[in-house]
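Open the model in your viewer and keep the selection tool ready. The tour goes stop by stop, saying what to select and what is found there.

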Amino acid sequence: SQQGEEDPQALSIQEGENATMNCSYKTSINNLQWYRQNSGRGLVHLILIRSNEREKHSGRLRVTLDTSKKSSSLLITASRAADTASYFCATDGGGTYKYIFGTGTRLKVLA
Amino acid sequence: SAVISQKPSRDICQRGTSLTIQCQVDSQVTMMFWYRQQPGQSLTLIATANQGSEATYESGFVIDKFPISRPNLTFSTLTVSNMSPEDSSIYLCSGSGTTSRHNYNEQFFGPGTRLTVL
């Protein structure tokens, strides 16, 4: 079963715009991770955010975490065509060390 | 970060046969996991590969169908047994808890094995 659900399921934007994806989860967590998956390929780790952190940045990526709402968001600023991919959040269910994945958001950036 | 490789990268198999997928990490990791990703879907955890003992399976997955080995801290195998077309998926290996990493809890993935069962 999936711990998290993401919305939107699919998102299509123009190059240069910002893309925001949301992840909601069900149980308490220690860590939440965001991944990118290009079509038919493996997962690329983007950011890990701990339960005591509220925001993290990495280049054009910004992740927020609201543990009271059991939700996280991934913002990609100034999107590029190369950002076209599926994005997944994964949560550890409170320190089990095994990560359960959300349903994913398919992002398409139009040139 | 640690690098994970998987072999084979893809395979096409006949119904009723078995395929063993190998996962190799370039550094020691505490935890290794196997996931399945069916076409157009998210990842589903199959099991945690435990070094020197039986794997821990998630609900819906059993050892007879997906036997797993983990002889050391850098290597694991997953066998998909008695395959049917429903087993057609991408199978991904992952690892976490490498002592050489800054973020101990970060989980990183291999490139996946794309399996097609005819």
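A polar contact is a pair of N or O atoms within 3.5 Å; inside a protein, one of the two must be able to donate a hydrogen and the other to accept it. Keep that in mind for the first stop. The model is predicted, and each residue carries a confidence value called pLDDT, from 0 to 100.

**Stop 1: A:D83**

Select A:D83, in the loop between β8 and β9 of chain A. Then show the backbone of A:R80: its nitrogen lies 2.8 Å from a polar atom of the side chain of A:D83.

Is A:D83 buried or exposed? With a relative accessible area of 8%, A:D83 is buried, because buried means under 20%. Now display what surrounds it. Not counting residues up to four places away in sequence, A:D83 touches A:R60, A:I76, A:L107 and A:V109.

**Stop 2**

Most residues other than glycine have a negative phi. A:A78 is partly exposed, at 39% relative accessible area.

Next select A:K70, in the loop between β7 (61-66) and β8 (71-76) of chain A. A:K70 also is not a glycine and has a positive phi, of about 50 degrees. Its relative accessibility is 28%, so A:K70 counts as partly exposed.

**Stop 3: A:R54**

Go to the loop between β5 (43-50) and β6 (55-58) of chain A and select A:R54. Its relative accessible area is 46%, which makes it partly exposed. Show the side chain of A:R54: one of its polar atoms lies 3.0 Å from the backbone oxygen of A:S51.

Which residues does A:R54 contact beyond its neighbours within four places in sequence? They are A:I49, A:V63, A:T64, A:L65 and A:T67. Try the distance tool on A:R54 and A:T64: ten residues separate them along the chain, and their C-alpha atoms are 5.5 Å apart.

**Stop 4: A:S12**

Select A:S12, which lies in strand β2 of chain A. A:S12 is partly exposed, at 48% relative accessible area. Leaving aside neighbours within four places in sequence, A:S12 is in contact with A:K108 and A:L110.

A:S12 and A:I76 are 64 residues apart in sequence, and the distance between their C-alpha atoms is 13 Å.

**Stop 5: two prolines**

Select A:P8, found in the loop between β1 (4-7) and β2 of chain A.

Then move to chain B and select B:P8, in the loop between β1 (4-7) and β2 (10-13) of that chain. The peptide bond from B:K7 to B:P8 is cis, with omega near -5 degrees. Most peptide bonds are trans.

**Stop 6: the largest pocket**

Select A:S86, A:R106, B:Q37, B:G40 and B:Q41. The largest pocket holds about 590 Å³ of space, and of the 29 residues that line it, these five, A:S86, A:R106, B:Q37, B:G40 and B:Q41, are the closest to its centre.

Which strands supply at least two residues each to the lining? In chain A they are β2 (10-14), β9 (85-91) and β11 (105-110), and in chain B they are β9 (89-98) and β11 (113-117). β11(A) gives the most, with four residues.

Colour the lining by residue type. Its residues divide into seven nonpolar, 19 polar and three charged.

**Stop 7: confidence**

Finish by colouring both chains by pLDDT. Chain A has a mean of 91, and 95% of its residues reach 70 or more. In chain A, confidence is lowest in β1(A), at a mean of 82, and highest in β7(A), at 98.

For chain B the mean is 92, and 94% of the residues reach 70 or more. Where is confidence lowest in chain B? It is lowest in β9(B), at a mean of 90, while strand β8 (residues 75-80) of chain B has the highest, at 98. β9(B) was also among the strands lining the largest pocket.

Terms used:
Residues numbered from 1 in each chain as written. Chains lettered and ligands numbered in written order. Predicted model: local features only at pLDDT ≥ 70, side-chain atom pairs only at ≥ 80, totals over all residues. Heavy atoms only, no water. 1 Å grid on protein atoms, 1.4 Å probe; cavity = no way out; pocket = protein on both sides within 12 Å on 5 of 7 lines; lining within 4 Å. Points joined across faces, edges and corners; volume = space filled by probe spheres on them. Nonpolar A, V, L, I, M, F, W, Y, C, P; charged D, E, K, R; others polar. pLDDT = per-residue confidence, 0-100. Buried < 20%, exposed > 50% of the residue type's maximum accessible area, 1.4 Å probe, protein only. Contact = heavy atoms within 4.5 Å.
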